[in-house]
Every structure is written in structure tokens, then in C-alpha cells.
Amino acid sequence: MKALGNVDLLRTPALVKVLAFASVAFVFFYLGKHWSESDGYGQLIFFSSSARRTPPSVALSPNFNRSFDISSLVPPNQTLALTPPPGPPSLEETPTASPPPPPPAEPSITRFGIVDENGTMTDDFEVGEFDPAFVDEWTNNATETEGTGAEEIGPRVKVQRYELCPEGMMDYIPCLDNVEAIKRLNSTEKGERFERHCPEKDKGLSCLIPPPKGYRPPIPWPKSRNEVWYNNVPHTRLVDDKSGQNWITKEKNKFKFPGGGTQFIHGADQYLDQISQMVPEIAFGQHTRVALDVGCGVASFGAYLLSRNVITLSIAPKDVHENQIQFALERGVPAMAAAFATRRLLYPSQAFDMIHCSRCRINWTRDDGILLLEVNRMLRAGGYFVWSAQPVYKHEAILEEQWAEMLNLTTRLCWELVKREGQIAIWQKPLNNSCYLSREPGTTPPLCEPEDDPDNVWYVDLKACITQLPENGYGANVTAWPARLQTPPDRLQSIEIDASIARKELYKAESKYWDDIISSYVRALHWKKYKLRNVLDMRAGFGGFAAALIAQRLDCWVLNVVPVSGPNTLPVIYDRGLIGVMHDWCEPFDTYPRTYDLLHAAGLFSVERKRCNMSIIMLEMDRILRPGGRVYIRDSLRVMDELQEIAKAMGWQVAMRETAEGPHASYRILTCDKHLLHA
């Protein structure tokens, strides 16, 4: 055997071939790498495949983010398979090093936010750009589903033309004028006849409420505060009953409103000045923004508060003075038919900064003070109750006894009598529960059970107990007006909503969404030229639509309706200085015919069509809409054809408009105008 050193390795043919092959491979590798990284040339794509049943992998050059057509590079007999096959082709990037395994799934959380510089979770952050499609989904219909019992309720019935109702129904309120149901009541001593008693489904409204003879377009605000057309509300009983109290007079073809009331015959302005002087901390238009006027008469108290940046919801039952709410609405003042009787009023807890009762004919101390406890539920922590009545200032024996009972009850409610002067007494509600918890054992009324929801109001009976205030101070810490309109309130965090982003972000995104839309309406549709005064938002969300109208300085007010079919956002609406009410749109609304100048419905019908026939809602909209009024329906394409048919059958003039997202969006805007119809 020869020694290895005797072999001339450099001259063997095999080694020469190996060196030559390595040199060629290096040159091609260099050229290929340089070519693939250049800006002006194509890309090198390397495939790996095997005979095993594993998906082929694709490795990209460093400029993998450029577009290319991979299908032309795959042989016809080879496919890029997904798991499980078959399926569309996919590209899987093969990294140079194996990535670490994904972390385990995070547990579900109930609070969203951002970690601040101290490592603490916070939801106080600025919202930048937002996705209009997401807000569209939340605003219009966040819960719409296909199939599985979520389809429209009842058969679709086509009506060529709705007829006019009899003339005697011109002031008809279905749930308050149901004579048959009222006759069947076991008792009416507590005011049960003034509560909602809606007709059965097969006896609902099926015709168009006619206007009174001689009806004409309402006098525009602010002139309407002082006068309205007689023919629009042709009822003179209030003139006869209140002729000496400066409420209302009739002069030729108009009613005139001097601004007085039973307890302020010299005018509401002077009366409001007296309240401000008695308790300066009330601070109309700053600390006090939202008020409730109980037994409002023709709503002069609320009408004159508007000039002080206070929005007042005026309420009264449809009783012997049944048209007082109708006069208020004709004047352009926020009002609703409502009664303190046996059920909770349809407003949330801590809604009103001030509640006012001037000779409202309510026995506040009856049944262990159950009616004043309802006031306590709705009154904001630190809010004021203003009572102007004979027991405050008269010294007759029976009236002094009533004053003693009132003083005893309010003391047990932990209210502080702040001032008693002339005909007015003013109490303040406590800011927290400390007084409630320090009362003597057995003191009545008791505290409500912890499981009682004070914001649950739809057909809920009154409860003779004290609603405790949230321990975290929610509801008591609202900012002063006008900053509170745009400030996300604390109670936003307590709203039960199914949202994938933080509540504050959703709140701000909704506000911006409606700001943009209303700005476009003002520019393109000339909304400032319309005589809008009374506006109803039929599915209000957080009140962004109403806030946008205020931002655009449109001289109107909005009643924000929160349907029972969705999340209860009413506390947020009131916390931002707006007014609203809970309602089920499958039932009639508690207002008179010809109430509103504009009805706005975003995503309402996509939800409610699963619960009742859409014609029920549309006929109710016609009832409460003034002749010459407008309707804006923003909703899914799938409901628009039927809505147009119904609107045309009611005599409305309709037009379909695209949203800002263009012709391929899944939503449209249906605009409708109601004309004056006569038999």
C-alpha cells in the first residue's frame, strides 16, 4: 500500500470537477441574490416539495412584500394545498429561524384601556382615526343575525293606501285612550287610569290620524313660546279654568301664553330669579342643566328655563286638563304625557339635576311616601327638589299638618331643607349613602335590596324603598354644562353592551360619527333652512345625534328614545345633559298626534322587524309627525323596499339616498316628507 503523501491530489480528475462545480454554484448564487434584491428586476421564488403528504412551503426573497403572480410559476399538475384541502391558495412565509410557540390564550377581560407610563391600566385616552363601518354597525344594527328565528315577525301585508281615521280621533293617544281597558281596571284611586293601557295587537292603529280643520304649519320658535294657532289645538277648557292665573288666553285665531302659572302669576322669569336668589348653588345652565317639571300646566316653567341653558322635561297626565301637554309641544317645549301613579316613570335613576312641583296636585306622603321615593330615585345625587304649594306658606291647620308630614318624610329620606321662603321650599338630596346607613334601625322607608336595578323602568311597579347611590360616586360627578355634553361620564362603564372596544372609545367614535353626518346634512341638505324644533331620535345610542345638532347650533331640542330591545344607555344620555325616555316601538308612544318636526331612526327597523310588523311602527310615526315634518331612516338595504311601500301607502313623499360610504354600502338613507292630508 502506497503512502498517502505519494498521491498527487491536485491532479485527480474528481477533485477538479468538484472545484469547478463549487465555483459555478457560487457565481449563480451571487447573481441570483443580487438579481432578487434589485429594484428593477423580478423576484426569485424558491419552492420546496416532497413526496410526503405535507403542504409545500414557499420561501420568499427579502422583498416578499411586493406583489407577484405565483400561479404562473406552479406546474399544472401541482397545487398549493391548504389543510384541509381543497381551498384557495395561500402563501406561508418560511422564516430563517423557527419562531417561538404562540402564548396561551388570554383570559377574557371586562375592562379595556391602555397601560400608562406608570404601568397602570387606564381608559382615559384620545381617540384618533376610527372605522366608520364599525360605528355604522354599532349605530345602525349591532346585533342583526340571519335565520334561526331572527326573521321578520308576521306576514308581510301590502297596503295600497291607508285611509284617514274618523275625525273624532284627531287627538288620539292609543295607550292612554284605551277606554275598554280602563273600564276593566280593578281600581283607579291611585291614578291607574292615567297609566299605559295599550290596545291588543289586533286592535292597533290601522289608519292615519286626521288633523283638525283649519290646521296650518306651526308658528316657528321662538315666537311659538308666546303664541300658537287656535286651529292647531282647538280646545278652550284651559282658558276657561285658568283665566285668572295668567296661563293662557285666546285672542282671535291664536292662543297667547303670558308666561304665568298658578304659583307664579307674575311670570316664570321672576319666579326663576327668586329660586336662583334663594339657592345660588342651583346655578341654572351650569350645575343645573336637566330638570323635570311635574304637573307642568302649559310648560311655561320649562319654556323660560330654555333661555338659561336648562332643558326641562315637562310632564302631566292626560286628565281633566288633558291638552296641557299638547299646548306645550305646540309651543316647541319638551313635554310628555306621564303620571305619578303605580309604576315607575320611564326615566333612569339620577336623571334630573332639579325636580320641580308647583301646585302639581300630588299627595307626596301617601303610601309611606312611595311617590316622593320615585322622585328620590330620579333625582341626581346633590340635586334639588323645589316644591311650591299651599302647605309651604299657609297656616291653616290641615295645611300645617301636611307640611309637618312632608318635613318628617324628607328628613327620613336624608334630604336637607336648604331654604323655605315665601311660597317655595327647596330640599337637597345627599351626595352619598352615609346618612342612609346611619339611620336608626327600623327607620322607614327601608333601603332597596341590592339586586334592585333603579334603571329598570319598563312596566315596573313603584317600590316603597330608598334607592342607594353607587358607592363609586357614579352619577354624582358630572361636569358642569356645557363641558358635560362631550365628556364621557362615569356611568358609561356600567352600561351593559357587547362591544369589542373600550366604552370611552366607542362613545367618542359615535360622537364623531354623528358630527360628520350632521355636518354633511347641514351642507348638502340645508338643514339650517328647515324649521326644526321638536326632534325625536328613535334609537339614540349614547345621544350622539342630539349632541351633533347642538354642536351645529340648530335651534331645536331632541327627545332621545332608548328602545327596550337594546342596551339601556339612558343614564349616559342624562349625564351628558340631554333628555330621553325608555320605549318599546312595538307599542304606541305617549305623546299627542302632530308632535314632532323630525323623526330620526338609525338601525331601528333592522332590529324591531324581528319583534313586530314594521307597518305598526310606521303608522305610529305618522301619528306623531306634524304635517310638513320630515323623517330620516338610516338602515339596512334589506328593509328599505318594504319601508318605501309603507311610506307611499301613507301618502309620504319618499327618496332613497346613498350613505357617505357609496353605492356598495349595505346601508341607505330613506328621506320622507309628510304632507297635509284631508278627508
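Modeller: One term to begin with: a residue counts as exposed over 50% relative accessible area and as buried under 20%. Also, this is a predicted model.

Biologist: Fine. Which residues of H5 are exposed?

Modeller: Gln270 and Gln277 are exposed. The buried residues of H5, which spans 268-278, are Ala268, Tyr271, Leu272, Ile275 and Met278.

Biologist: Now the core. How many residues are in the largest nonpolar core?

Modeller: It has 143 residues. Tyr347, Trp364, Phe385, Trp527 and Phe605 have the most contacts inside it.

Biologist: Pick tyrosine 347. What is it in contact with, leaving aside neighbours within four places in sequence?

Modeller: Among them are Leu313, Ile315, Met336, Phe352, Arg377, Tyr574 and Val581. There is also a second, separate core of 10 residues, which includes Val228, Val233, Leu238 and Val298.

Biologist: On to aromatics. How many aromatic pairs does the count come to?

Modeller: It comes to 24. One of the pairs is tyrosine 521 with tyrosine 632, which is tilted, at 5.3 Å centre to centre and 50 degrees between the planes.

Biologist: Where in the chain are those two?

Modeller: In distant parts: tyrosine 521 belongs to helix H12 (residues 503-524) and tyrosine 632 to strand E19 (residues 625-636), 111 residues apart.

Biologist: Is tyrosine 521 buried or exposed?

Modeller: Its relative accessibility is 6%, so tyrosine 521 counts as buried. Tyrosine 632, at 5%, counts as buried too.

Biologist: What about tryptophan 585 and phenylalanine 589?

Modeller: That pair is stacked, because the ring centres are 5.4 Å apart and the planes are at 20 degrees. Both residues are buried.

Biologist: Which residues form the aromatic cluster?

Modeller: Phe340, Trp364, Phe385, Trp387, Trp403, Trp415 and Trp427 form one cluster. Trp364 and Phe385 also came up among the residues with the most contacts inside the largest core.

Biologist: Last thing. Which ring does arginine 630 sit over?

Modeller: The charged end of arginine 630 is over the ring of tyrosine 530, 3.6 Å from its centre. Arginine 225 lies over the face of tyrosine 304, with 3.9 Å to the ring centre.

Methods
Residues are numbered from 1 along each chain as its sequence is written. This is a predicted model: local features need pLDDT of at least 70, side-chain atom pairs count only at pLDDT 80 or more; totals for chains, interfaces and linings use all residues. Side-chain values use heavy atoms; hydrogens and water are left out. A nonpolar core is a set of buried Ala, Val, Leu, Ile, Met, Phe, Trp, Tyr and Cys residues joined through side-chain atoms within 4.5 Å. Buried means under 20% relative accessible area, exposed over 50%, partly exposed in between (1.4 Å probe, protein chains only). Contact means heavy atoms within 4.5 Å. Helices (H or I, at least four residues) and strands (E, at least two) are DSSP runs, numbered from the N terminus. Rings of Phe, Tyr and Trp (its six-membered ring) pair if their centres lie within 6.5 Å; planes under 30 degrees apart count as stacked, over 60 as edge-to-face and the rest as tilted. A charge sits over a ring if NZ of Lys or CZ of Arg is within 6 Å of the ring centre and within 35 degrees of the ring normal.
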